[in-house]
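The sequence and structure come first.

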Amino acid sequence: MTAQVDYLVVVFTATSGASGDLLGSDEKELVQLVWQLVDVKNKKLGKVNELLIKPDLSDSTEEKEEEDVVEESVEQENGSGADCVYKAPSIDKALNMFHLQLTNEVNSAGAGTSVCLCTDGQLHIRQVIHPEAASKNILVPDSFYSFFDLRKEFKKHFPAPDLKALNVHTMAESLGIPVDVPTMWDPSATLDPSVPLPAEVATKQLQLMSSVVLALLSEPFCHTFSNPERVNEKFESGTCSKMEKVCDNTVIRARGLPWQSSDQDIARFFRGLNIAKGGVALCLNAQGRRNGEALVRFVSEEHRELALQRHKHHMGNRYIEVYKATGDDFLKIAGGTSHEVAMFLSREDQIIVRMRGLPFTATHEQVLAFFSPEDELKETCPVSGGKDGILFVRYPDGRPTGDAFVLFACEEHAQCALRKHKEILGKRYIELFKSTAAEVQQVLNRYSSTPLISVAPAPLMPVLPTMSLLPPPGGVRDCLRLRGLPYTASIEDILTFLGEFTQDIRPHGVHMVLNQQGRPSGDCFIQMTSAERALQASQRLHKHVMSSQRGANSRYVEVFPCSAEEMGLVLMGGSLSHTHTHTHTRSRSGTGLSPPPCLSPPSYSFTPAPPVLPPEAAAALYPPIGQVVLAPRPLPPGHAYYPASAQLYMNYAAYYPSPPGSPNTLGFFPSPSSIASPGGLVRMPGLTYNSNGVKELINAVQGYQYAPEDAFMHAHGPVHTHDPTRTLLTQPKEWVCI
């Protein structure tokens with residue numbers, strides 16, 4: 001709408017709560033709606049119309065009593081029994097009555113048909129009417145989706161430093177309009193804007209706004225009301241590139257969202273405010289599940305400021321926290337670089353469904369058959385675009401992750417697909433979730449993009465000196481790496497799998513690799529007596545099937561020879577890569593070690609972290625415990641797990657940033673270049689009170705060089721407030737717990 005409209009409808013609203021600049025910030029309900037028609041061409045005013053609105057009776061008793069007091073005061077001032085609180089319409093009926101009366105008045109005037117609302121600021125439309133209608137699932141008439149902001153129109157002729165400093169009173173004074181000060185409500189003179197607006201003020205405010213509009217229409221201003229404010233009717237999904245620039249003043253983060261909430265649910269919570277296309281990004285946790293946080297990008301800073309006023313507003317029974325965020329936070333979650341993903345998401349108006357738990361051998365044909373089975377008894381929900389509507393998520397080396405995204409043409413097909421949740425495909429049940437474009441980008445970033453943090457943070461406190469059972473690092477490939485083990489596999493299963501090569505294993509030479517949650521990662525390292533036997537074992541056992549005694553599942557296992565240096569690197573929390581620095585250059589086929597899942601590229605190296613806590617500060621933090629700890633025996637200096645010059649890669653499969661709720665530390669502590677002290681001490685807090693004592697501790701460290709007389713339990717004395725069992729172990733020999 002670029003030409004001047006025929007009629008302006010000056011609208012003023014009042015709630016049962018705050019008014020002025022805080023209108024709508026307390027989530028109170030609309031109780032009064034007044035309006036007046038202005039004939040733009042003839043510069044004439046219509047009659048003043050007023051509607052009292054009955055609040056929702058489902059609120060708490062205290063809130064209802066406060067609202068009843070407001071409505072009763074309105075009734076007493078108006079002296080009209082017709083507007084009694086018992087006869088007042090609800091908000092949905094009131095909005096329909098407003099639209100009907102406005103249409104009849106415009107038709108009776110007959111001077112034109114184009115009509116647009118005009119309000120004092122943005123709050124009446126964006127923060128009062130649309131949010132309440134969205135929370136109550138009420139359809140808003142079309143006339144409320146466009147309006148003129150009287151403050152912005154006034155500013156075109158009278159420049160003001162800040163729109164918030166403007167109000168009807170100051171505008172009337174600037175235009176020379178007489179103001180009845182004793183009966184007029186001046187927002188700038190109100191000490192407490194949280195106090196409900198007096199009932200008689202709404203009509204006075206409306207009449208003064210109409211006078212300002214007539215003054216702007218008349219000479220010498222002859223103002224033209226064109227290009228009104230727009231309210232988006234629905235949220236548009238879309239993609240965002242990591243190369244795009246996002247203004248920091250347009251992004252917020254919302255916390256406390258229901259786990260099942262979608263981008264449309266979040267857009268409904270911010271109804272009335274314009275969200276940028278594809279501007280809702282749901283955050284995922286380390287397991288790839290939604291963590292109740294989202295980043296939202298608005299079209300302007302003004303809309304973002306209004307969104308911050310909805311802090312602790314409710315979505316259902318949950319209140320949502322709203323905070324400021326940055327453009328970088330949004331790009332880390334929603335930004336993408338993959339051309340394949342961009343092509344997949346290029347088709348608009350498509351419903352995305354996420355599949356989780358797919359068999360690694362699943363194909364496009366199997367997924368299509370899953371949603372459109374040949375059995376006529378089952379529901380059919382065709383995938384949009386056939387094979388092009390399916391996107392499998394893979395690791396950087398091409399291995400499937402078990403996740404996929406599927407497109408559906410309409411909401412009906414998507415709901416039909418979601419009803420297949422936990423149905424069987426192959427031998428596995430499939431989890432189905434309604435997804436978003438931002439979630440597609442985030443999942444793909446997790447598996448195939450660079451890490452979001454380029455430098456590993458320093459540890460909060462220095463770690464204990466680490467003694468190693470491994471031989472000094474070198475180029476001898478006398479160890480085996482087993483990858484793809486069943487998660488239920490035990491050491492006995494591994495020994496059975498190795499068969500005749502079991503006799504070539506060094507004592508205590510089997511090392512299981514666990515993830516950050518303490519669960520089996522599917523990897524294992526084995527120290528062999530010679531490089532020749534390690535090579536023979538890898539050639540004979542590579543991709544043979546291993547069975548587990550504790551589970552019915554069996555998997556083929558990849559077997560590679562590796563060196564003690566590479567094994568120590570992984571056991572210390574790092575990851576192997578074919579680009580790792582060795583004594584001589586090796587290709588991927590030469591090393592036999594393909595990168596594990598989710599490795600960062602070689603350009604992301606981690607500099608050694610300096611000690612954060614000096615010995616003096618550590619002594620002050622942990623006071624000496626007297627004679628409780630036995631004096632450690634002297635030991636020869638050990639060696640580090642990996643050389644200081646080696647490049648370390650962070651495996652962030654278990655660390656999945658979801659700003660701004662991501663952890664600020666990682667479970668990674670680099671090994672010192674040299675052992676500073678000959679001995680060490682291990683504290684084991686959190687043991688059960690009914691433990692069997694030293695015998696149970698020895699069982700916990702079974703398989704390591706450890707003497708029973710070196711372990712004891714301290715039952716009395718102030719060792720540490722967070723160590724109720726007060727269990728201490730000395731470390732007199734070379735051993736390490738992985």
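## A charge over a ring

Arg 555 sits over the face of Tyr 487, and the distance to the ring centre is 5.8 Å. This value, like the others in this report, is computed from a predicted model.

## Aromatic pairs

A pair of aromatic rings is described by the distance of the centres and the angle of the planes. Rings of Phe, Tyr and Trp are paired here if their centres lie within 6.5 Å. By this rule there are nine aromatic pairs. One of them joins Phe 148 and Phe 225: the ring centres are 5.5 Å apart and the planes stand at 80 degrees, so this pair is edge-to-face, the cut-off for that class being over 60 degrees. Phe 148 belongs to strand β5 (residues 146-149), while Phe 225 is in the loop between α6 (201-217) and β6 (229-230); the pair links distant parts of the chain, 77 residues apart. Phe 148 is buried, with a relative accessible area of 0%. Phe 225 is also buried, at 0% relative accessibility.

The rings of Phe 158 and Phe 221 have their centres 5.5 Å apart, with an angle of 55 degrees between their planes, so the pair is tilted. Phe 158 is in the loop between α4 (150-155) and α5 (168-175), and Phe 221 is in the loop between α6 and β6, so the pair ties together parts that are 63 residues apart in sequence. Phe 158 counts as partly exposed because its relative accessibility is 24%, and the class runs between 20% and 50%. Phe 221, at 26% relative accessibility, is partly exposed too. Elsewhere, Trp 35, Phe 98 and Phe 144 are linked into a cluster by ring pairs.

## Packing of α5 and α6

Helices α5 and α6 pack with their axes 10 Å apart, at an angle of about 40 degrees. That angle makes α5 oblique to α6, since an angle under 35 degrees would count as roughly parallel and one of 65 to 115 as roughly perpendicular. The crossing of α5 and α6 is left-handed.

On the α5 side, the contact is made by Val 168, His 169, Met 171, Ala 172 and Leu 175. The α6 side contributes Gln 205, Leu 208, Met 209, Val 212, Ala 215 and Leu 216.

Ser 210 is located in helix α6. Its relative accessible area is 0%, so Ser 210 is buried. Leaving out residues up to four places away in sequence, Ser 210 touches Val 10, Gln 36 and Leu 45.

Thr 250 lies in the loop between β7 (240-241) and β8 (251-255). Thr 250 is buried because its relative accessible area is 8%, and the cut-off is under 20%. Beyond its neighbours within four places in sequence, Thr 250 is in contact with Val 296, Arg 297, Phe 298, Ser 300, Glu 301 and Arg 304. From Thr 250 to Ala 276 the C-alpha to C-alpha distance is 9.3 Å, and the two are 26 residues apart in sequence.

## The chain as a whole

The chain has 19 helices and 27 strands. Of its 738 residues, 48% count as buried. Among contacts between residues at least 6 apart in sequence, 74% join residues at least 24 apart.

How values were computed
Residues are numbered from 1 along each chain as its sequence is written. This is a predicted model: local features need pLDDT of at least 70, side-chain atom pairs count only at pLDDT 80 or more; totals for chains, interfaces and linings use all residues. Side-chain values use heavy atoms; hydrogens and water are left out. Rings of Phe, Tyr and Trp (its six-membered ring) pair if their centres lie within 6.5 Å; planes under 30 degrees apart count as stacked, over 60 as edge-to-face and the rest as tilted. Helices (H or I, at least four residues) and strands (E, at least two) are DSSP runs, numbered from the N terminus. Buried means under 20% relative accessible area, exposed over 50%, partly exposed in between (1.4 Å probe, protein chains only). A charge sits over a ring if NZ of Lys or CZ of Arg is within 6 Å of the ring centre and within 35 degrees of the ring normal. Axes are lines fitted to C-alpha atoms, for helices over the stretch in contact, and angles run from 0 to 180 degrees between N-to-C directions. Angles under 35 degrees count as roughly parallel, over 145 as roughly antiparallel, 65 to 115 as roughly perpendicular and the rest as oblique. A crossing is left-handed if the near helix is turned anticlockwise from the far one by less than a right angle, and right-handed if clockwise. Contact means heavy atoms within 4.5 Å.
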